[in-house]
Each structure stands twice: as C-alpha cells, then as structure tokens.
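Trainee: I would like to learn how to read a model like this one. Please take me through it step by step.

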Amino acid sequence: MRFGILVFPGSNCDHDCYHVLKHVMGQDVRYIWHKDGDLKGFDCLVLPGGFSYGDYLRTGSIARFSPVMDDVVSFANKGGLVLGICNGFQILTESGLLPGVLMMNKDLKFICSDVNLKVENNSTVFTSGYKAGEVISLPIAHGDGNFFIDGPELAALRDRDGVVFTYSTAEGEVSPEANPNGSVDNIAGIINKAGNVLGLMPHPERASESILGGEDGRVLFQSIIEGFVLS
Amino acid sequence: MEITAELVAEHGLSTDEYERVVKELGREPNYVELGIFSVMWSEHCSYKSSRVHLKGFPTTGPQVIEGPGENAGVVDIGEGLACVFKMESHNHPSFIEPYQGAATGVGGIMRDIFTMGARPVANLNSLFFGTFQHKKTPYLIDGVVAGIAGYGNCMGVPTVGGALYLNDSYSGNCLVNVMTAGIVKTDKIFKGTATGTGNPIIYVGSKTGRDGIHGATMASDVFGEGGEERRPTVQVGDPFTEKLLLEACLELFKTDYIVGIQDMGAAGLTSSSVEMASRGGAGIEIDMDRIPRREEGMTSYELLLSESQERMLIVAKQGMEDKVKAIFTKWDLDCEVVGKVIKEETVRILEGGQIVADIPVTILTESAPQYDRPAEKPAWQDTVQALDMGSVPAPDDYNEVLLRLLASPNISSRESIYSQFDFMVRSDTVVSPGSDAAVVRIKGTNRSIALTVDCNPLHCYLDPRAGASAAVAEAARNLVVSGARPLALTDCLNFGNPERPEIMWQFREAIAGIKASCHALNVPVIGGNVSLYNETRGEGIYPTPSIGMLGLIEDNSLITRQWFQEAGHVIALLGSTRPGLGGTEYLRSIHGLEQGVAPKVNLEEEKSLHKACLEVIKTGIILSAHDCSEGGLAVALAEAALNPTGPVGVDVDLGVTPNLRSDELLFAETHGRIILSLTENNLSILEGICAAHGVPLQVIGRTVEHGFAVKGLINTSLKSLESAFRDSLSPLIRGEATP
Amino acid sequence: MKAKVYVTLKKGVLDPQGRAVLGALKHMDFDEVTDVRIGKFMELELDVPEGGDEDKRLAEMCERLLANPVIENYRIERD
C-alpha cells in the first residue's frame with residue numbers, strides 16, 4: 001500500500017508519520033511537497049500535524065490554498081483515502097472536505113497531554129481494528145482543537161455516524177470533565193459522508209511504539225492497511 | 001557624523017576603550033565603525049569582564065568533538081552520530097516583552113544548533129522569576145511560557161524539560177535561559193568559518209529591519225518619518241520563517257556547496273561576519289546595497305547592527321551561488337550574494353561603491369579589552385551564613401509541613417507549564433517533563449540522550465562556590481538516575497553588575513565551584529554564555545550559574561524514571577543525610593529564612609555514588625531512581641510516589657539518628673543521595689555494588705497500596721499529596737490564588 | 001458607552017502573520033497587494049457617564065493591558 005505524506009511549509013509531524021508508516025508498519029511511503037501536485041499511484045494521503053504557514057490568520061486557512069490541495073480534493077472525491085491529523089484536520093475543514101471548524105482551545109492555551117478517547121464508530125476503514133465503544137489513549141498537542149459545528153449540521157453528522165472519536169474519561173464517560181479543549185459534544189475526530197476522509201485532533205503516530213508509552217495509535221494505521229488488503 | 005565624547009558614551013565605550021580603538025586603528029573611527037566597535041567590544045560579544053575567569057574550565061575529553069568557540073559544542077554519542085548543544089540567556093528582552101523576548105531566545109538558540117548542521121531534537125529552559133508577591137510575576141511567567149511554546153511548538157522541536165525557580169531577587173530581572181540539543185552525523189558538522197579568497201558570501205532568511213538596534217542608536221540617530229514612534233528594540237520572532245530556514249539549511253547541508261555558515265544572532269551581521277572571518281583567518285567584504293531589507297532608508301549603520309531574527313550568513317564555494325539560491329527559493333526565503341571572502345584580514349563594508357568601514361579583524365576580536373575586575377567578598381556574606389538552629393522551632397505537624405512544601409512554587413508540579421509545550425513532537429520523547437531528566441531516543445539506534453538543567457540560586461547566594469559546584473553535581477546526578485552517563489555540560493552564568501566587587505566575587509567563586517565539580521566528575525564544559533548586569537536599582541539577582549547537561553544511554557532498556565511503580569517493592573536510600581538546614585526550601589518556605597550554610601557536595605562521595613548507581617541500573621534490577629534535592633528526602637519520596645499513571649503508597653522508617661533533628665532527617669538538602677526501588681530478591685545485588693563502591697546504603701521501607709507514611713513523623717493520604725503537588729502552581733500563575 | 005480599540009504593530013516591527021498572508025495572496029494571484037499588517041480590534045462596553053475621565057482610563061487600559069507599548073500602537077474610538 002502506498003502512502004503519501006503531504007508536506008506544507010510549516011508541517012512538522014511529517015517525519016513522525018513517515019517513520020511510523022515506513023519503519024513501524026513497513027509500508028511504502030513518500031513525501032509530497034505542496035508545490036508538486038502529482039497524486040497518481042497513492043492509496044492513502046496523510047495531512048500531518050504542524051503549523052502550516054505558521055498557523056497565521058487561521059489554522060489551515062493558507063495551506064488550504066496550496067497548489068496541491070485542489071488535487072487532494074479531487075483525490076478524495078474519487079474515493080481515495082485521506083487522513084488529516086491535527087493541523088491536517090484543520091486544513092481538511094478549511095478546504096471543505098470535512099464539516100465544522102477548529103477554534104482556539106477554551107482555555108486559550110496550547111495543550112500537550114495524553115487523553116482518553118472513546119471510539120464512537122468502529123465501522124470505518126480507519127477504525128475497524130478498534131472495538132465499538134473502546135476507550136483508547138492518544139496524545140493531543142494543539143492550540144486550536146476546539147471543534148465547533150452548528151446545531152443542524154451536528155445533527156446531520158450524528159445521524160450518519162460521522163463522529164468517530166470523542167474525548168472521554170478512562171471509563172468511557174463522555175463528560176465535560178473529559179473535554180480538554182471545549183469541543184462540541186467532546187468531538188475529537190470525524191469522518192466524511194463517503195467514509196474515506198478522516199480528521200482527528202489526537203496524534204496516532206505518537207502512540208504507535210511501546211517505547212513511547214502506548215500503541216493505541218498503531219491500530220488506526222493497521223486498520224487502514226488491513227482494509228486496503230481486503231479491498 | 002562627528003564622533004563626540006557623548007556619542008562614544010552612548011555606544012557604551014569608556015574613554016579608555018575609545019582611546020584603545022584609536023590607537024589600534026591608527027586613526028579615529030567613523031560613525032559606522034564606532035557602531036561596529038560598540039557591539040564587538042560589548043560585554044555580550046567580547047566577554048571582557050569574564051573571559052579571564054573562564055579559562056581553566058576543562059573542555060576536552062575523548063567524547064568532545066567541538067569545545068567552546070564555535071556556535072555550539074559537539075560531543076560524540078556513538079554510531080557515527082554527535083549531539084550539538086548549548087544554553088543561552090535572553091533575560092532582558094524577556095523582561096521587557098515576555099512573549100517575544102522568550103520566543104526569540106528560543107529561536108536564537110535553535111539557530112546556533114542547526115547552523116552546525118544538526119537537526120534540533122530537544123529544547124529545555126531554565127526560568128527564574130520574582131515570587132508571586134510581585135504583581136508582575138504571573139504576567140511574566142505567562143508571557144515567557146507562551147513565547148517559548150509559541151516558537152518551539154511551531155518549529156516542531158519538542159520542549160522536553162526545564163526548571164522554574166521563584167525568588168524575590170528576580171522581581172526586577174527575570175532570567176530566561178534556553179537550551180537546544182541537536183543530532184548530526186559526525187562527518188557532517190558545519191562551522192562558522194570564512195575561507196577561500198573570492199568565495200561568495202550569501203545572506204539567507206528574513207529581510208533586515210530595524211529590530212533590536214541598541215539603545216545608543218535610538219538616542220543618537222535622527223528619526224525618520226513617524227518619529228513619534230519609538231523604534232523597536234525588541235525583536236519579533238517568526239517561527240514559521242525559522243522552520244523554513246531550518247529545512248532549507250538541512251537540505252543545503254546534504255550538498256557540498258558551502259564552506260561555512262553562521263547564524264546572525266546578537267549584533268547581527270556585524271558579529272557574524274567578524275566571527276566567520278576571525279575563525280577562517282581571512283577577511284570579509286560586504287556590500288550593504290545588496291542586503292535584503294524590510295524598510296526603506298536603512299543606513300549601513302542600521303543594517304550592520306540590526307538584530308532581525310531568522311537570518312544566516314553562508315560562505316559558499318565559488319560557482320555554487322545558483323545552486324544555493326535554488327534551495328532557498330524553494331522554501332520561499334530571501335537569498336542574496338552580498339559579498340566575498342578577501343585575503344586581507346579585515347572587515348570591509350561597502351555602500352554605493354564607497355568603503356564605509358574597514359577594520360582589521362584582530363582589532364575587533366583579540367584586541368578587545370579584557371578586565372580582571374576587582375572582587376571582594378560581600379560584607380553580608382558571613383551574616384547570611386549564620387544560623388542558630390535553636391531559633392528554628394521544630395514543627396508540631398510534619399504532615400502539614402510536607403503538604404506546604406509540595407505546594408511551594410519551587411517544588412510543585414510544573415505540569416501547567418510544560419503542558420503548553422509540545423514535548424512529544426518528533427515522536428522521540430521517551431521520558432517526558434516531570435522526571436529528573438528528559439530522555440530522547442535516537443531513531444535508528446538503541447540509544448538515547450538524557451538532558452537536564454539545574455541550579456539552586458539560594459544555595460549559590462549563601463555560598464556561590466558550593467552552590468555552583470552542587471548545580472553541576474546535581475545535573476550529573478539527574479542524568480545518572482535516568483540511566484545516562486554524563487558527557488558534557490553547557491552553562492549560562494547569570495550575575496549582577498560585574499563592576500561591583502561583591503558581584504565579581506560571586507562570579508569567581510561560582511566558576512571555581514563549577515571547575516571543581518567538572519574536574520572531579522569528569523564532565524567537560526563545551527559551551528555556554530555569560531549574562532551580566534542583571535540588576536535593577538542596585539539590587540542584583542542571586543548568583544545563578546545555570547547548568548545544562550547531556551548524558552548518553554547506550555541501551556534503551558536501561559532508561560529509568562523517578563516514579564515508584566507498584567506496591568511491594570523495596571525502597572533504598574543511597575548516600576547519607578547530614579545535619580544542617582541552611583538554604584533549604586523547608587527553612588525558606590516554612591520558617592521564612594534564607595540563611596545558613598549551604599550544603600556542600602563531597603565530590604569523592606558523589607563520584608562513587610554515580611558509579612554505583614549506573615552500575616546497578618546496568619544490571620536491570622532498578623525499577624525507579626530519584627535524586628533528592630529541593631525539599632529533601634521527604635519531598636523526594638513524595639515525588640517518587642506521585643507516579644503520573646497513578647500514585648503508589650509509601651511506608652518508610654528513617655530510623656533515629658542521634659545527631660539529626662527530625663526536620664533535618666526529612667528536609668535537609670544534603671547532596672549525594674538517591675532513592676531507588678527494586679524487588680526484595682534483587683537487594684543483594686544492590687548491596688554488593690554499593691559495598692564495592694563504598695556507598696552507604698539503607699533500606700528505608702517499601703512501596704504499599706495506600707497512604708504515605710514515615711514512621712513516627714508523617715502519615716497522610718496520597719490524595720492530599722497529589723492535590724498539594726498538582727493543584728498549586730496553576731492558580732498562582734492565573735492570579736486566582738494568593739501566595 | 002462603547003469604545004473601540006484598534007491595536008496595531010508599530011511601524012518597523014516585523015509582522016510575521018501579515019507577511020504570510022501577503023505571500024498567500026500573491027500565490028493566489030492578488031498581485032496588487034503590496035503589504036499586509038494584521039492587528040487586533042476590540043469592543044469595550046463601559047458603564048460610565050460621558051465627560052468623565054474615561055479617555056484617560058481607556059488610554060491607561062491600552063498602555064497597561066490591551067497593547068504592549070514596546071511593539072504596539074493603539075487607537076481608541078468612542079461611539
């Protein structure tokens with residue numbers, strides 16, 4: 001399976017994603033510089049975390065106009081798998097591939113910490129390796145992870161099981177105390193209607209090796225690879 | 001412009017120094033040249049008050065690839081790799097504009113590292129502020145922390161560790177010391193050297209603005225339009241541009257297009273070109289008309305002295321100009337050929353085809369003044385060391401004392417600070433902030449580096465020599481308990497006004513202390529910086545020699561953390577507690593006394609302790625190891641109990657020692673002590689190793705399911721320890737609690 | 001009464017945000033843009049009668065909190 005990792009000016013989790021996919025998961029991985037838009041031959045694109053364009057103006061707002069993004073949109077529209085992590089998620093909402101918007105954290109501060117997440121939907125190609133309702137632990141590291149979506153759109157998202165991960169307690173309770181950043185309904189990750197574009201704020205690539213303290217993130221990459229083999 | 005006595009004074013040069021300029025130059029300098037002298041002969045660039053004292057640091061060893069003198073020191077970490085690291089201060093700018101001051105400090109130190117060819121992999125910081133009694137403290141902490149986070153996070157370099165210390169002496173002068181470590185292949189280290197007559201000098205990065213041009217210019221220069229606006233002396237950081245600069249430089253380093261590269265840091269273009277020429281034994285000619293600039297009407301004087309951030313100076317090989325340009329253009333960065341290397345060892349500045357400055361390099365460097373300033377022990381030194389233990393009442397309730405200590409801003413959890421730093425990016429952080437040292441793995445190997453920053457300013461105030469010696473010993477101990485062998489250190493020597501003999505005495509004493517520990521523990525100094533004049537209204541800061549140290553772990557399975565793991569393990573104390581409460585956090589925060597004789601490190605014992613600890617960790621039987629420092633044994637035990645993944649109970653008996661008071665037993669800050677945990681069946685291995693090294697070993701108790709008990713003295717719940725430790729700092733910084 | 005406060009970076013102070021936005025606009029072929037400076041806009045509601053020392057107090061708010069006079073200018077507008 002061939003993964004492409006998009007590199008925008010200011011991306012800084014590109015190496016981490018590359019490392020996990022290449023050296024931990026043993027996949028074929030290439031970097032794609034944002035000015036080189038050839039996406040032929042890729043099976044899954046990863047928009048990594050970081051501070052594309054310094055996160056100036058609004059997070060993801062400038063990267064969304066990068067030359068490669070038109071191709072990413074058509075890649076997604078043709079059913080290609082797209083995974084947006086952290087800043088990648090922000091770029092996906094700015095570009096309209098995913099609904100909603102990521103605002104500044106409710107405490108107005110950057111937060112780097114491990115959080116518990118409840119797997120709300122394990123029937124996606126990205127999450128099939130998790131059990132339904134399973135609580136996993138992944139790190140977050142963001143200043144703008146406060147997911148917002150208005151009432152009707154939220155209802156629509158809920159209706160189609162678009163919410164994939166929510167912030168929860170270790171016991172799986174999706175409560176305000178477990179919400180690190182003020183996201184609506186504790187939402188941490190969502191998927192598009194077609195089921196091929198996932199965006200999440202937590203960093204699965206930082207929890208894919210035991211030496212780093214956890215491997216819950218690895219399951220997400222494993223799911224993508226196994227799903228691809230089956231298809 | 002005529003060079004008047006006032007103008008010379010505004011440039012920070014004394015009459016004697018100016019006469020020296022004229023004598024060396026053989027003529028009067030012009031205005032541009034005066035500007036160049038003012039920065040090159042400043043304390044910051046010339047180390048004129050400190051240089052004579054910095055000689056004699058051990059700077060060599062089989063592991064040292066590059067000692068002091070380059071942008072940063074370099075040590076070998078095996079498998080063809082080296083670690084480049086350095087610590088630097090950004091004190092004054094951070095006090096004026098905390099966010100930008102701290103941010104540009106972080107940006108500057110990272111440039112020092114990647115200019116050597118290394119990719120930065122870890123940042124640390126050592127921060128000193130006034131207490132929360134001072135209204136400005138929360139504002140300063142908040143801004144400095146946000147600035148460090150803003151820059152480091154955006155760069156994608158994890159901030160993995162640090163230190164925070166509060167004391168009234170910093171209320172008018174906060175200290176922001178920042179450290180970066182980077183990894184480079186040993187055969188790909190780059191230096192800031194200008195060689196090869198005719199080689200082009202290339203300017204890359206941001207455009208030059210009027211940032212940070214020193215106060216003298218502001219006073220003497222004629223303001224252009226908008227003269228009502230004070231020109232900025234504080235630089236604004238642009239981490240996004242620096243990230244591009246980093247990636248572009250690393251791409252450049254894979255090629256063989258260049259011969260040298262140098263960061264434009266403090267004193268900008270001037271010091272970077274002088275330093276490159278000086279190291280290369282060559283000269284440099286720069287044409288000001290070609291310098292990329294942000295503002296109209298900038299003079300040569302301004303272009304040379306500007307401290308605009310995110311800029312580099314490169315000496316390329318002839319004919320490689322376009323190839324170098326192609327790389328920087330890809331990353332949307334300015335890149336201009338601005339001059340060339342010349343044979344004559346001089347710095348020659350051209351403007352409009354005319355020479356506007358021409359100064360032989362050695363005059364700027366070697367001929368800079370050097371002072372052996374008078375030093376005298378302060379009259380109050382003996383007074384502060386006097387402590388009548390009879391006047392220190394023994395507390396009735398040690399539970400309460402322990403909780404108050406854990407809640408002290410100098411001890412309590414720093415999570416509310418480090419959670420603002422992305423400490424995990426690059427996915428190499430094996431031991432996150434909160435343990436004795438941070439541990440960062442090296443991908444592609446089974447090795448890790450361990451990093452720590454240390455200094456106890458109260459100990460340094462009471463006895464600068466003992467305090468500085470202890471800072472080195474404690475840094476080494478923090479590495480050792482993490483399973484790392486100390487390799488080298490970098491220091492940031494923060495002191496008051498060196499023109500006052502008592503400050504100079506503190507400085508000399510501290511240096512003697514560092515040297516003693518470095519020699520004894522075999523840890524060379526490979527770089528650092530000196531920050532003097534940290535003084536407001538005649539009140540100097542406590543002497544603050546911050547030590548940043550690097551260690552190596554050659555087998556990742558030996559990485560050790562400070563926390564007890566589960567109930568049923570044996571707790572052992574290595575080293576012994578000595579009488580004396582001088583300089584303890586206990587005396588300071590419970591009895592309000594900053595007094596007494598600071599604990600001294602016994603270097604021979606310390607050395608044996610480190611050997612024994614590393615040896616026993618190597619056997620694989622050690623489950624946790626923690627250094628005893630601020631707050632003493634009781635606090636160290638509590639810290640070890642408060643495992644972030646869930647607290648572990650403690651039941652210990654410290655016994656009765658005839659010459660120790662209970663508060664000494666619990667809270668004395670005797671150096672050379674380590675708390676270990678292990679299973680009982682492995683105890684004999686530990687005993688054997690300790691006996692072989694002559695290290696005192698005492699089994700003091702066990703880890704249990706619930707509670708924290710020290711027989712006859714303390715009995716409290718883990719929950720109360722936890723809330724005292726974890727919930728105290730954040731409300732103070734937010735201004736929601738009163739100290 | 002209402003007051004509007006505009007905080008802008010002083011002339012000559014680097015504006016990284018403005019620069020990045022300028023770059024993006026150029027990439028999007030808005031070539032006519034030659035500079036972008038980004039500032040902050042704040043609306044304050046004040047519970048005071050007109051004609052008191054509100055101007056002085058507003059200036060003080062700006063000096064002490066809303067702007068950092070080292071790098072920023074401010075302008076106050078009142079309704």
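**Reading the fold and its contacts**

Mentor: Chain A has five helices and 11 strands; helices (H or I, at least four residues) and strands (E, at least two) are DSSP runs, numbered from the N terminus. This is a predicted model, in which local features need pLDDT of at least 70 and side-chain atom pairs count only at pLDDT 80 or more, while totals for chains, interfaces and linings use all residues. Residues are numbered from 1 along each chain as its sequence is written, and chains are lettered from A and ligands numbered from 1 in the order in which they are written.

Trainee: In which order do the nine strands of the open sheet in chain A lie?

Mentor: Strands of a sheet pair through backbone hydrogen bonds, either parallel or antiparallel. Here two strands pair if DSSP finds at least two bridges between them. The order in chain A is β2-β1-β3-β4-β11-β10-β9-β6-β7, with mixed pairing. At the edges are β2 (28-33) and β7 of chain A, each of which pairs on one side only. From one strand to the next the twist averages 25 degrees; axes are lines fitted to C-alpha atoms, for helices over the stretch in contact, and angles run from 0 to 180 degrees between N-to-C directions.

Trainee: Which helix packs on the sheet?

Mentor: Helix α5 (residues 216-230) of chain A does, touching β3 (44-47), β4 (81-85) and β7 of chain A. Its direction makes about 100 degrees with that of β7(A). Two residues are in contact if their C-beta atoms, placed from the backbone, lie within 7 Å.

Trainee: How many bridges join β6(A) to strand β9 of chain A?

Mentor: There are four, and β6(A) and β9 (residues 163-168) of chain A run antiparallel. A:Asn116 stands opposite A:Ser168 in β9(A).

Trainee: How many residues of chain A are in contact with chain B?

Mentor: The size of an interface is often given as the accessible area lost when the parts come together. Here we count residues instead: 23 residues of chain A are in contact with 22 residues of chain B. On the chain A side, α1 (14-24), β6 (111-119) and β7 (135-142) each supply at least two residues.

Trainee: What does pLDDT say about chain B?

Mentor: pLDDT is the predictor's confidence in each residue, from 0 to 100. Chain B has a mean of 94, and 97% of its residues reach 70 or more. Over residues 215-231 of chain B, pLDDT stays under 50.
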